[in-house]
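Have the structure open as you read.

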Amino acid sequence: MIRSIKLRLHPTLEQEEKMWQSVGTMRWSYNFAIERQEENYKNGGGFISSTDLSKEITIIKKTPKLRWLNEVSAQIPKQAIKDACKAYKKFFNGKAKKPRFKSRRRSKASFYNDNEKLKFDGEKFLLEKVGWVKVSECDRVISNKFLNPRIIHDGKYWYISIGTKISKAKNKKLNDVSLGIDVGIKELAVCSDGERFKNINKTEKVKKIKKKLKRFQRKVSRKYEMNKDGKKFIKTKNIIKLEGKIKLVHRKLRNIRENHIHQATTAIVRTKPSRIVVEDLNIQGMMKNKHLSKAISEQGLNKFKTILKYKCEDMGIEFVEADRFYPSSKLCSYCGRIKKDLKLKDRVYRCECGNEIDRDFQASINLSRYKSQQSFTKKRKC
């Protein structure tokens, strides 16, 4: 199995400057690839392969204006072009939106390092044209063979993300239990064994940080209005400082939410059920609801499912996704009746048979009993 490891780097000032130069090269090369594809399409041409675009950059690098491209690793622009072409292919297949230009302000600061030239001596990583960089948590690096190494800046620190091959864990003793998990906005997850995981966004700690974020955003907005020159907005040094603080607050919120998801998924997997069933939610459709879109995006339901899936693989637990149209909330867990008029505001399920139960807990019970999706898909077609 291939697992990704993320480790913090401790570069010197000179090394950090070189890394920022690599980030700029990655962004410029990605935008160059998109510009060439768009330009060729307007002129009636077809899709340009990443190999042809790489050859163009090799020729361009020799010009006096773009000699700075030679100051970083040659693999960085090549990989950026591959990423851009891959994004276009996903767009053509209907798997993603059309790729856009990467801006200096909003794009993720990252770049690729050649996996063959990446070396590890037990305490430091050798990055091409950057040098030996100190790293934290050295004991997590298992082998010297790395896949798709990326150097990332999260707004505060530098990290290296590497893929390593690990052997599959031996079959561990699991309980003969099928665990159903109902995810939502009120609570992150409700399990059929009675375990509940709270919505971290409703805690006082997160609410205070969000209030702080609003204050900074209001300050920036006022400063932009004060420095407005006609239709243009002038960015002052104070605005740049405030925007830096806003990025750090966003980073803190992101880390808190991700940490909560990891703790919840680890606690679920440690119960060692033989099977875990999760509902397949239409996240894109749910995001269209303007009243709930923000709460859904903050909850990170898709990330919860992705992390839980790979942790189940590590433990040898069967991971099942229930059919999207399986009525887990509307189905009575006692008599099997389907309550078609159940609304989102009805938090307690009341059935004609006398069954009165929490809506989310009942959904998790029904998911734990889920066997086949064919019966429900056939009913829907009829």
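## The packed parts

A nonpolar core is a set of buried Ala, Val, Leu, Ile, Met, Phe, Trp, Tyr and Cys residues joined through side-chain atoms within 4.5 Å. Buried means under 20% relative accessible area, found with a 1.4 Å probe on protein chains only. This is a predicted model, where local features need pLDDT of at least 70 and side-chain atom pairs count only at 80 or more, while totals for chains, interfaces and linings use all residues. Residues are numbered from 1 along each chain, and side-chain values use heavy atoms, leaving out hydrogens and water.

The largest nonpolar core has 37 residues, and Leu-9, Phe-111, Phe-125, Leu-127, Ile-151 and Ile-160 touch the most other members. There's also a second, separate core of 21 residues, with Val-183, Leu-301, Ile-307 and Cys-312 among them.

A cavity is a set of points on a 1 Å grid over the protein atoms alone where a 1.4 Å probe fits but cannot get out; its lining residues have an atom within 4 Å of a point. Volume is the space filled by probe spheres set on the points, which are joined across faces, edges and corners. Searching the whole structure turns up two cavities of 30 Å³ or more.

The largest is about 80 Å³, and its lining includes Val-183, Leu-301 and Lys-305.

Is Lys-305 buried or exposed? Lys-305 is buried, because its relative accessible area is 16%. Beyond neighbours within four places in sequence, Lys-305 is in contact (heavy atoms within 4.5 Å) with Val-278, Asp-280, Phe-319 and Glu-321.

Key:
Buried < 20%, exposed > 50% of the residue type's maximum accessible area, 1.4 Å probe, protein only. 1 Å grid on protein atoms, 1.4 Å probe; cavity = no way out; pocket = protein on both sides within 12 Å on 5 of 7 lines; lining within 4 Å.
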